[in-house]
Amino acid sequence: MALSFKLLDSVFLSSRCHRQNALHPLLGPLLTDCISKLYSSYRRPGTSPDNTPPWKMNFSFEKGVDGIKKHFGLLKKELVDHWKGPEGYRLEEYFLEQTRVVCEFRSQKELDEWVVSSDAEIGGKSEAYLKLGKNNQTALLYGTLNTEVPRDGETGYSGYCAMRTKLPKGAFDTKKYYDWSNFNSLYLRIRGDGRPWMINIYTNPYFSHQKDDLYNYFMFTRGGPYWQEIKIPFSKFFLSSRGRIQDDQHPLWLDKISTVGFTLGDKVDGPFQLEIDFIGLLNDRAHTEEFAYEKYERNPKV
Amino acid sequence: MNPHASMIITLSLIMGPLITISSNHWILAWTGLEISTLAITPLIAKQHHPRAIEATIKYFLTQATASTLILSSSIINAWTLGQWDITQMSNNTSCAILTTALAIKLGLAPFHFWLPEVLQGTSTTTALILTTWQKLAPLSLLVMTTQSLNTPLLLLLGLMSTLVGGWGGLNQPQLRKIMAFSSIAHLGWMITIITFSPKLMLLTFYTYITMTTAMFLMIKLLETNKISMMMTSWTKLPTLNTIMILILMSLAGLPPLTGFMPKWLILQELTKQHMFIIATMMALLSLLSLFFYLRISYCATITLPPNSTNYLQQWRHKTNQKPYLAPMATLSITLLPITPTLLTLL
């Protein structure tokens, strides 16, 4: 069944790309699974709803065969990794590691795992680009923010850009998660321009009513020519949904992490740059806080 | 929790399976199952964490589906045979639907996908209730309908469960998920023997409850939910660390511990029924489970001095006593010599 959806999915990409040319490379990886592509919920504000009937398709046999080969290969790899150890690491490595590098930027392939988006999707004028830095050692996210609101009658605010890893997919486009439970801090080596960024961690929950749940925290860059090493404990991340911080706060559970991302939306027009050397995980022995926000009942019944 | 709510939930949780066990009519049995599902739902969601809510929804949906299937199988049976007696279920379609529904309820492969997720999302005490008390009602229905059940189907479910329980738990670092896969594997053993000897299945179930309760109480005492945190358990409870290893070996079914008794008797019964291949496969597949139990024991011991640990040694808070741990641990280690007594008792 997943296979038939996968074949239909390759078909849909070819039929829809003429309409959403600018949006598809950005949006495609953000959709959760191939089934949701059939019910693509994003509508660019100010446009009319997309009414293409579902039976209009260009059937491609080669894509289907390639898809089958790729997914069975991934399935075999998953089974072998399961045998080898947790997440493919050997058990001793998994239990004894105190640091791990999650993202390094040494080639275009690693850059392709990230998705860059900006308010151009809603008709704004910001630009954001991602390229490899000097000597292919870093990633450089640069562009211009423009807070001018697009005149479509719906949008109220504008001026943001974001970078996010693609949703990890297992065999047959099943959801895959990272287990970061051995660590308690995020470690970033970056060089910014003084702007405040927000780090977002997405746990890709099972049910759709929680799909907008995001854990955020701030990253303040110093600017200047020196590299900045930022350690953010996971206990500091707060829960938000569709941009609104939730009253009922809960700690981030590290056993099912899906994506990490950076967002810039500091309401300042102008160019920005963020150079990232690597993103890693750290088990900081000195950090013992479990959760930074109120866990007690805020309005107890007396 | 509000004491009134807590009282209602606890009473319903106790009464639900008891209603099912003591019923003769399908509607009453279904009522008991629904009461137990509804009673445990707020317990799973108690801490309101998004993952706990996710676990609650998954649990509720699977259990409600299974209850619906049970009701439909009993209605088909009543439609064709004109009676609602649980022990007189002769319609083949009803039996097949009932077996599937009870497999979903219990978490047997291939309907096991909800169990690790639900146990991971909830607290340790609720996980204990889910793996022990909540299995009582569906297993009692299986015992009551055992003469009309399809043996090959049950053998297949049992074998698949043992395989999935062993394979899934292999490289799992989270303790509650490991206990979920251990539960799946043990239920596989129970289901295999149910049509040949329901009493043996009940004996297996009681020993499984004892060992699982001991293990969960130990996990709760250590306040840990990952295997890697077990590395510092010897600093908290040196003696109990040793006993935990024995409990794990008992779960794995190694002689001379209690866990060997049900496995031995099941293999003997299967051999008497001339099912040599199935008996061999079950014995071999339980090696996978043994591997991950050994792994937990290994992690609890590799950091004994002079080795160094990767984790901070845990603070010893004011004693967080678990009064039932001692008798449960003793029973789960030492019952093998009195096997003949236990067999006559059942």
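Trainee: Leaving aside its neighbours within four places in sequence, which residues is B:G16 in contact with?

Mentor: Before the answer, please keep in mind that this is a predicted model. Setting those sequence neighbours aside, B:G16 is in contact with B:G32, B:I35 and B:S36.

Trainee: Where is B:G16 placed, and is B:G16 buried or exposed?

Mentor: B:G16 sits in helix α1 of chain B. The residue counts as buried because its relative accessibility is 0%, and the cut-off for buried is under 20%.

Trainee: How far apart are B:G16 and B:S297?

Mentor: In sequence they are separated by 281 residues, and in space by 36 Å, C-alpha to C-alpha.

Trainee: Let us turn to helix α2 of chain B. How many residues does it have, and what distance does it reach?

Mentor: Helix α2 of chain B covers residues 26–44, which is 19 residues. From first C-alpha to last it reaches 27 Å, close to the 27 Å expected at 1.5 Å a residue.

Trainee: Which residues of α2(B) are buried, and what covers them?

Mentor: Among the buried ones are B:W26, B:A29, B:G32, B:L33, B:S36 and B:I40. The cover over the buried residues of α2(B) includes α1, α3, α4, α5, α6 and α7 of chain B.

Trainee: And how do α5 and α9 of chain B pack?

Mentor: The axes of α5 (residues 114–121) and α9 (residues 175–193) of chain B come within 8 Å and cross at roughly 145°. The crossing of α5(B) past α9(B) is right-handed.

Trainee: Which residues make that contact?

Mentor: From α5(B) come B:L115, B:P116, B:E117, B:L119 and B:Q120, while α9(B) supplies B:R176, B:K177, B:M179, B:A180, B:F181, B:S183 and B:I184. By type, the residues of this contact divide into seven nonpolar, two polar and three charged.

Trainee: Is B:S289 buried or exposed, and what does it touch?

Mentor: B:S289, in helix α14 (residues 276–301) of chain B, counts as buried because its relative accessibility is 6%. Not counting residues up to four places away in sequence, B:S289 touches B:G166 and B:A185.

Trainee: What is phi at A:N136 and at A:K267?

Mentor: A:N136 has a positive phi of about 55° although it is not a glycine, and phi of A:K267 is near 60°, also in a residue other than glycine. A:N136 belongs to the loop between β3 and β4 of chain A, and A:K267 to the loop between β12 and β13 of chain A. A:N136 is partly exposed, with a relative accessible area of 38%, whereas A:K267 counts as exposed at 74% relative accessibility.

Trainee: Finally, how much area do chain A and chain B bury between them?

Mentor: They bury about 2700 Å², 58% of it on carbon and sulfur atoms. In chain A, the residues that lose the most area to chain B are A:H82, A:F95 and A:W253, together 26% of what that side buries. The contact takes 32 residues from chain A and 30 residues from chain B.

Terms used: Residues numbered from 1 in each chain as written. Chains lettered and ligands numbered in written order. Predicted model: local features only at pLDDT ≥ 70, side-chain atom pairs only at ≥ 80, totals over all residues. Heavy atoms only, no water. Helix = DSSP H or I, 4+ residues; strand = E, 2+ residues; numbered from the N terminus. Buried < 20%, exposed > 50% of the residue type's maximum accessible area, 1.4 Å probe, protein only. Contact = heavy atoms within 4.5 Å. Axes fitted to C-alpha atoms, helices over the stretch in contact; angles between N-to-C directions. Left-handed = near helix turned anticlockwise from the far one by under 90°. Nonpolar A, V, L, I, M, F, W, Y, C, P; charged D, E, K, R; others polar. Expected span 1.5 Å × (residues − 1). Buried area = accessible area lost by both parts, 1.4 Å probe.
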